[in-house]
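These are my notebook entries on one model, written down in the order in which I looked things up.

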Amino acid sequence: MNTKTLKALTIAGSDSGGGAGIQADLKTFQELDVFGMSALSAVTAQNTLGVNGVYPLSTEAVSKQIDAVTADIGIDAVKTGMLFSTEIIEVVARKVKQYEWGNVVVDPVMIAKGGSRLLQEDAVKAIKEQLLPVSFVITPNIPEAEVLTNKPIRTLEDRKEAAKQLYGLGVKNVVIKGGHDEGQTELIDLLYDGKEFHSFTSKRIETKHTHGTGCTFSAAITAELAKGKDILDAVRVAKAFIHAAIENSLGIGNGHGPTNHWAYRNVRGGDVK
Ligand SMILES: Nc1ncnc2c1ncn2[C@@H]1O[C@H](COP(=O)(O)OP(=O)(O)O)[C@@H](O)[C@H]1O
Ligand SMILES: Cc1ncc(COP(=O)(O)OP(=O)(O)O)c(N)n1
């Protein structure tokens with residue numbers, strides 16, 4: 001049976017350690033039966049202990065990678081991860097409009113777990129003013145939501161207010177991830193679709209191997225949107241995917257190790273269907 005091959009593009013940074021960035025995205029797309037393609041925004045020299053170097057690509061390089069993929073292959077969904085600078089964000093926002101992409105997932109990557117900056121401070125404005133108005137869903141963690149709203153987020157009410165504020169910038173859906181909710185044994189990812197809130201709750205898994213969790217989570221949402229799923233079902237699958245990936249993490253490296261991108265196969269019931 002000749003079913004259409006679904007395709008997703010990640011516009012993000014390369015993580016040499018393989019746990020985050022375009023590497024995490026492509027592994028996740030593949031595990032969810034979506035053909036993955038990439039347009040690199042930057043190269044990072046990185047492992048489980050941190051980031052040793054950040055090397056942004058030129059706006060021409062970002063633009064041409066996107067054009068090459070779109071002209072010949074086409075995409076059903078796209079996600080952005082590390083975008084590093086205002087100039088690169090402006091290129092991406094222009095491409096979203098030029099190609100009239102609908103399934104645009106923005107993971108507003110700012111700081112890696114080791115503390116290295118992956119987004120220049122003055123580029124936050126471009127995410128809010130240029131990228132969000134043309135995006136379908138944004139997936140900040142709690143610190144990223146605080147930066148984007150310029151308000152502290154301590155309670156679930158704060159999270160709801162922050163989600164509404166981000167929705168007001170034009171993005172169709174907001175998912176505020178709960179992994180940084182320190183001290184909580186239950187983690188709540190909160191989805192706001194402009195009308196109501198939906199909570200996705202899981203037990204916190206006690207592990208330090210959570211490198212690339214946000215990338216993997218947003219890549220899973222992207223893959224499911226590429227399949228035509230609605231945002232609720234896409235987040236539901238992404239939650240199950242990342243939970244399995246963390247629960248079965250690989251213990252690689254001496255720091256924050258990567259999650260296990262093939263763990264979800266067992267959740268789905270054995271071999272990938
Ligand atoms: N220790 C953990 N146990 C279970 N789920 C987790 C854990 N840490 C993060 N998650 C989940 O992983 C996803 C990514 O969240 P988060 O870690 O906050 O993003 P980021 O990697 O961008 O900081 C969310 O669904 C969150 O609930
Ligand atoms: C190249 C690159 N992109 C994104 C990240 C951030 O990954 P994240 O999912 O936030 O996981 P941590 O790095 O925070 O553990 C990255 N590190 N590198």
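**Entry 1: I11 and A39**

I listed the contacts of I11 (heavy atoms within 4.5 Å) and, setting aside neighbours within four places in sequence, I found A39, V62, I66, V78, K79, T80, G81, M82, L83, V92 and W101. I note here that this is a predicted model, in which local features need pLDDT of at least 70 and side-chain atom pairs count only at pLDDT 80 or more, while totals for chains, interfaces and linings use all residues. Residues are numbered from 1 along each chain as its sequence is written, chains are lettered from A and ligands numbered from 1 in the order in which they are written, and side-chain values use heavy atoms, with hydrogens and water left out.

A39 is buried, at a relative accessible area of 0%, where buried means under 20%, exposed over 50% and partly exposed in between, with a 1.4 Å probe and protein chains only. Not counting residues up to four places away in sequence, A39 touches L9, T10, I11, A12, Q65 and I66.

**Entry 2: the cores**

I then looked up the nonpolar cores, each a set of buried Ala, Val, Leu, Ile, Met, Phe, Trp, Tyr and Cys residues joined through side-chain atoms within 4.5 Å. The largest has 39 residues, of which L9, I11, I89, V92 and W101 touch the most other members. Helix α3 (residues 86-98) is the greatest contributor to this core, with six residues. A second, separate core holds 28 residues, among them V105, A219, I231 and A234.

**Entry 3: the sheet**

In what order do the nine strands of the open sheet run? I read the order as β3-β2-β1-β4-β5-β6-β7-β8-β9, with mixed pairing, two strands being paired if DSSP finds at least two bridges between them. Because β3 and β9 (197-203) stand at the edges with a single partner strand each, one side of each is left without a neighbour in the sheet.

Strands β4 (residues 77-80) and β5 (residues 104-106) pair in the parallel sense over three bridges, and T80 has V106 as its bridge partner in β5. Strand β6 (residues 137-138) is parallel to β7 over two bridges, with V137 bridged to N173. On its pairing with β8 (residues 186-192), β7 is antiparallel over three bridges, and V175 is bridged to L191.

**Entry 4: the cavities**

Last, I searched for cavities, meaning sets of points on a 1 Å grid over the protein atoms alone where a 1.4 Å probe fits but cannot get out, with lining residues having an atom within 4 Å of a point. I counted two of 30 Å³ or more, a volume being the space filled by probe spheres set on points joined across faces, edges and corners.

The largest is about 70 Å³, and its lining includes Q46, N47, G50, K113, H211 and H256. β2 (35-47) and β3 (50-56) are the elements giving two or more residues to that lining.

The second largest cavity holds about 40 Å³ and is lined by T80, G81, L83, V106, D107, P108, V109, L119 and I127.

Methods. 1 Å grid on protein atoms, 1.4 Å probe; cavity = no way out; pocket = protein on both sides within 12 Å on 5 of 7 lines; lining within 4 Å. Helix = DSSP H or I, 4+ residues; strand = E, 2+ residues; numbered from the N terminus.
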